[in-house]
Amino acid sequence: MTDLLGRLPGYALRRAANAVMGELGDILGDRGFQITEAAVLLLVQDRSDLTSSQIGKTLDIQRANMVPLLNRLEAAGWIRRKPLDGKSLAIVLTAEGAAKVTELASVIEVYEQGLLQRVPEEHRDHLLPALNAIWR
């Protein structure tokens, strides 16, 4: 049965994703972050036009989960809500949030480089395009 599962791309992809998210979750957790918090901060860096609904759609986060997530980030002093137009609010980084993004980006870059080192060299250039082809 294990041989059959090992030949299923969807199964292998799910196992790989679970392993990667678990490892990255542990690394970020040691620094006081959850993966979703880090994703939001990275997404809004250098942007001043993203609303909570756009962030949720991009990161596939349910609306019911976005409110407490953004409230945590705001309470930590990393984001603020800024009027975008007459009825919408943009989610933007604070100065402290920008510093956190710099820290996060550095940690994630080191992790991602190590992750790529696990992939045989002849497959590295094809990995990201292949993964993106599946979900885009």
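Modeller: Helices and strands are DSSP runs numbered from the N terminus, a helix being H or I with at least four residues and a strand E with at least two. This is a predicted model, in which local features need pLDDT of at least 70 and side-chain atom pairs count only at pLDDT 80 or more, while totals for chains, interfaces and linings use all residues. Residues are numbered from 1 along each chain as its sequence is written, and side-chain values use heavy atoms, with hydrogens and water left out.

Biologist: How do you know that Lys100 and Glu103 are separated by about one helical turn?

Modeller: Both belong to helix α6 (residues 95-117) and lie 3 residues apart, which means about one helical turn.

Biologist: What makes the contact of Lys100 with Glu103 a salt bridge?

Modeller: The term requires a side-chain nitrogen of Lys or Arg within 4 Å of a carboxyl oxygen of Asp or Glu. The closest N and O atoms of Lys100 and Glu103 are 3.6 Å apart, so the pair qualifies. The count by this rule comes to 5 salt bridges. Another of them joins Arg81 to Glu74, at 2.2 Å from N to O.

Biologist: Why is Glu37 said to form a salt bridge with Arg72?

Modeller: Their closest N and O atoms are 3.0 Å apart, so this pair also meets the criterion. The bridge links distant parts of the chain, with Glu37 in helix α3 and Arg72 in helix α5, 35 residues apart. Leaving aside neighbours within four places in sequence, Glu37 is in contact (heavy atoms within 4.5 Å) with Gly32, Leu69, Arg72 and Leu73.

Biologist: Why is Glu37 called buried, and Arg72 partly exposed?

Modeller: Buried means under 20% relative accessible area, exposed over 50%, and partly exposed in between, with a 1.4 Å probe and protein chains only. Glu37 has 7% and is therefore buried, whereas Arg72 has 36% and is therefore partly exposed.

Biologist: What makes Leu70 buried?

Modeller: Its relative accessible area is 2%, so Leu70 counts as buried. Leu70 is found in helix α5 (residues 63-75). Not counting residues up to four places away in sequence, Leu70 touches Val40, Ser52, Ile79, Arg81 and Ile91.

Biologist: Why is the pair of Phe33 and Trp78 called tilted?

Modeller: Rings of Phe, Tyr and Trp (its six-membered ring) pair if their centres lie within 6.5 Å; planes under 30 degrees apart count as stacked, over 60 as edge-to-face and the rest as tilted. The structure holds 1 aromatic pair. The ring centres of Phe33 and Trp78 are 5.1 Å apart and their planes stand at 35 degrees, so the pair is tilted. It links distant parts of the chain: Phe33 lies in the loop between α2 (9-29) and α3, Trp78 in the loop between α5 and β1 (79-83), 45 residues apart. Phe33 and Trp78 are both buried.

Biologist: How do you know that α7 lies largely in the open?

Modeller: Of its 15 residues, the number buried is 1, so α7 lies largely in the open. Leu128, found in helix α7, has a relative accessible area of 55% and is therefore exposed.

Biologist: Why are Asp46 and Asp60 called exposed?

Modeller: Asp46 has 78% relative accessibility and Asp60 has a relative accessible area of 64%, so each counts as exposed. Asp46 is found in the loop between α3 and α4 (52-59), and Asp60 in the loop between α4 and α5. Although not a glycine, Asp46 has a positive phi of about 60 degrees; Asp60, not a glycine either, has a positive phi of about 55 degrees.
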